[in-house]
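Reader: I am new to this structure. Please show it to me, and then let me ask about the terms.

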Amino acid sequence: MTHRDYVLAAYAAAFAVMTAISAMTWFRGRTYRRQVEIVAKIRHGARHEAR
């Protein structure tokens, strides 16, 4: 392999890792937002029942 091949492989690996981390972060954030939304609905409903 030439130097150019190594550089291209390094860029490809970096892009793959960056994409994987971005996807994981997006999915975790999405799950967190859904949990917060559910808790907010429960609290909102409990607040109305207390009145």
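Author: Let us begin with exposure. Buried means under 20% relative accessible area, exposed means over 50%, and partly exposed lies in between (1.4 Å probe, protein chains only). This is a predicted model, where local features need pLDDT of at least 70 and side-chain atom pairs count only at pLDDT 80 or more, while totals for chains, interfaces and linings use all residues. Residues are numbered from 1 along each chain as its sequence is written, and side-chain values use heavy atoms, with hydrogens and water left out.

Reader: Why is W26 called partly exposed?

Author: Its relative accessible area is 47%. That value falls between 20% and 50%, so W26 is partly exposed. F27 also has 47%, so F27 is partly exposed too.

Reader: What makes W26 and F27 an aromatic pair?

Author: Rings of Phe, Tyr and Trp (its six-membered ring) pair if their centres lie within 6.5 Å. Here the centres are 5.0 Å apart, so the rings pair.

Reader: Which kind of pair do W26 and F27 form?

Author: Planes under 30 degrees apart count as stacked, over 60 as edge-to-face and the rest as tilted. The angle is 70 degrees, so this pair is edge-to-face. The count comes to one aromatic pair.

Reader: How do you know that K41 and E37 form a salt bridge?

Author: A salt bridge needs a side-chain nitrogen of Lys or Arg within 4 Å of a carboxyl oxygen of Asp or Glu. K41 and E37 meet at 3.5 Å, N to O, so they qualify. The count comes to one salt bridge.

Reader: Where do K41 and E37 sit?

Author: Both are in helix α1 (residues 3-50), four residues apart, so about one helical turn separates them. Helices are DSSP runs (H or I, at least four residues), numbered from the N terminus.

Reader: Is K41 buried or exposed?

Author: K41 has 58% relative accessibility, over 50%, so K41 is exposed.

Technical notes
Helices (H or I, at least four residues) and strands (E, at least two) are DSSP runs, numbered from the N terminus.
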